[in-house]
Amino acid sequence: MRNTGSGSGEQSVLITVNSDTGANYATHRLTGNGSAAGAQSYTSGTAIVPFFNPENGTASNVYGVYVIDLLDYANTSKNKTIRLLGGVDYNGSGTVGLISGAWFNTNAITSITLTSGGGNWTTAAHFALYGIKG
Amino acid sequence: MPSTYTPIATTTLGSTASSYTFNSISGSYTDLVLIINARSDRNDQANRPTDLIKVTFNGSGASDYSDTVLGTNSGSSPFSYRETNQGFLAVGAIPGAQSNSGEYGTNIFQFQSYSNSTTYKTMLARGGNATSVGSGNYYMGAMVGLWRQTQAITSITLAPYVGPNFVSGSTFTLYGIQAA
């Protein structure tokens, strides 16, 4: 993914489910920026917020990538936990991270919305959803 | 209902090999997933039971590769480093000759949008070597790698970073995932 923001940094990705934009999310991140590991946490948020979303002023043709796992998404007895592995590398800068997110709601997930933290998604941003059946 | 993961190719080495290549990868999938359970014969330094995996695409060893790594080593504080302008990606973690017999490292490499001809290719890797040998050197990590080429990936070559060989019993399996 990549966004149309004019800066040369990275924006967040705002992940919400079932159109819920209330303060019902938490995010915890373990990240590496090429020189040090770091950790961040966000509670009572209005979205799950990983980043690795390059702005359009970064090196051209470089896109951030994620693998997002939503386990037990249809269960109606549990709050939902989301696991992410993501990163972006620009050949001299960039970040990689392991992220967990929580949605404090026991409803089954029926929709997932990914919103760029800066501008819009650029052309060639690609999103694919797969189901795994036990 | 079709399977999410379609097996493309798999191999288990019957003898040592300095590399393994998946050739002629079809562009008909959306993403690729590569599962590795391997071990190398690295034995170059004392107390160095872990090796990494070199990855190259389409037979290219040009200095178009870079990566950013997040790792932890023997339970110590996590660290991060990067490599730039390399002739390969160095990702994953596998045991070397100093590890206990029978120890192999498990790694998952993912290649999103591998067959497009518009973007540079970015891969994600995670893996670990949980050997009990050589205090200070067992390792797990997450990595992001960049290949600064827009061409579709049609082959993937794997080799030990130090090696020189993968050992017998090392397994490499490539899956394709096709979007709806």
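## A charge over a ring in chain B

In this predicted model, the charged end of K54(B) sits over the ring of F88(B), at 4.8 Å from the ring centre; a charge is taken to sit over a ring if NZ of Lys or CZ of Arg is within 6 Å of the ring centre and within 35 degrees of the ring normal.

## Aromatic pairs

Over all chains, a search of the whole structure finds 13 aromatic pairs, where rings of Phe, Tyr and Trp (its six-membered ring) pair if their centres lie within 6.5 Å, and planes under 30 degrees apart count as stacked, over 60 as edge-to-face and the rest as tilted. One of them joins W121(A) and F127(A) edge-to-face, with 5.2 Å from centre to centre and 65° between the planes. W121(A) is partly exposed at a relative accessible area of 22%, and F127(A) is partly exposed at 39% (buried means under 20% relative accessible area, exposed over 50%, partly exposed in between, with a 1.4 Å probe and protein chains only).

The rings of Y5(B) and Y175(B) form a tilted pair, because their planes lie at 55° with the centres 5.6 Å apart. This pair links distant parts of the chain, since Y5(B) belongs to strand β1 (residues 5-12) and Y175(B) to strand β12 (residues 171-177) of chain B, 170 residues apart; helices (H or I, at least four residues) and strands (E, at least two) are DSSP runs numbered from the N terminus. Y5(B) is partly exposed at 34% relative accessibility, as is Y175(B) at 23%.

## A ring cluster

In chain B, ring pairs also link Y20(B), F22(B), F166(B) and F172(B) into a cluster.

## Basis of the values

Residues are numbered from 1 along each chain as its sequence is written, while chains are lettered from A and ligands numbered from 1 in the order in which they are written. Local features need pLDDT of at least 70 and side-chain atom pairs count only at pLDDT 80 or more, whereas totals for chains, interfaces and linings use all residues, and side-chain values use heavy atoms, with hydrogens and water left out.
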